[in-house]
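This report describes a ligand site and the pockets of one protein model.

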Amino acid sequence: MNASLFDLSGKVAVVTGCNTGLGAAIAQALARAGCDIAGVNRSAPDQTAAAVQAAGRRYLDLRADLSSIAPISGIVRDTVQAYGRIDVLVNNAGIIRRNDALDFTEEDWDAVLDVNLKSVFFLSQAVARQFIAQDGPGKIINIASMLSFQGGIRVPSYTAAKSGVLGLTRLLANEWAARGINVNAIAPGYIATNNTAALRGDAHRNRDILDRIPAGRWGQPDDLAGPAVFLASAASDYMYGHTLAVDGGWLAR
Ligand code: NAP
């Protein structure tokens, strides 16, 4: 295997929600592979910025609330103004709301759909227009979930959104493959981040989940590093519309 297949030197990646969790690990991995990073966050991404710079890459700090699509044109404009181009988009920012389906509120429905699906589509659209304007190839990586494949429980808006991400990944791949844009997704299994703190804090649910993971452990954010670099790199140039499970074997059960 030629190591240069995974070399991202000189590339520019926009990563949403990279102040913590999976987004932080992905931004750092892309930087180690050679990308300059434009991070899109509500909160200060201090550790991520420092890690990207320690890897010898530039970090652009963009602040935006992706519960609305209003900031999207500014994200693309500011990134292009700073770096001249965009090569990779990672749609990672996401939230989860838990409640019984019988009690689930419209607010919990809309909040999750807005961040986890609507902004994913409109940011992808805006970045794809930039890829086409650059007359170059581009890579879009959406962060899906086990609940893109399974129903889950007590998370109806999250399941709807992440199932939507899988379908949207296929649709965008169909429309944009011929334009040199690879749209794929990563479906993380159960990874130890803020998103899963409530599950890990519930001894019964924690035991059930661990018992079902063939690898026998929760994933760590760095488990996403290799798959993210792969999908951002030339090594995946003939992959379109695929959702890659990184799940310790969860779906194999
Ligand atoms: P996390 O630690 O809670 O990180 C979520 C990220 O999304 C944070 O950076 C957060 O920023 C950002 N975000 C949330 N709402 C936002 C908004 N309105 N505007 C801008 N940014 C926003 O959780 P995580 O586990 O790393 O989640 C990352 C992605 O992986 C999500 O899409 C999640 O659904 C997905 N995922 C996680 C797992 C898992 O097991 N952990 C499994 C499958 C899929 P703030 O800190 O500023 O809120």
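The model is predicted: local features need pLDDT of at least 70, side-chain atom pairs count only at pLDDT 80 or more, and totals for chains, interfaces and linings use all residues. Residues are numbered from 1 along each chain as its sequence is written, and side-chain values use heavy atoms, with hydrogens and water left out.

The ligand is surrounded by 30 residues (a heavy atom within 4 Å of it), and the closest are N19, R42, S43, Y158 and T193. The shell has 13 nonpolar, 14 polar and three charged residues; Gly counts as polar in this scheme. The table gives polar contacts (N or O atoms within 3.5 Å of each other).

| Protein atom | Ligand atom | Distance |
|---|---|---|
| G17, backbone N or O | oxygen | 3.1 Å |
| S67, backbone N or O | nitrogen | 3.5 Å |
| Y158, polar side-chain atom | oxygen | 2.6 Å |

Of the 890 Å² of accessible area (Shrake-Rupley, 1.4 Å probe) that the ligand has on its own, the protein covers 92%.

The ligand takes up the space of the largest pocket (an open set of points on a 1 Å grid where a 1.4 Å probe fits, with protein on both sides within 12 Å along at least five of seven lines; lining residues have an atom within 4 Å of a point). Its volume is about 1,100 Å³. Among its 48 lining residues, G94, I95, I96, Y158 and N195 are the closest to the centre.

The second largest pocket holds about 220 Å³. It is lined by 17 residues, with K11, P137, K139, A232 and D237 closest to its centre.

Terms used. Polar contact = N/O pair within 3.5 Å; in protein donor to acceptor, adjacent residues only side chain to side chain. Sits in = over half its atoms within 2 Å of the grid points. Points joined across faces, edges and corners; volume = space filled by probe spheres on them.
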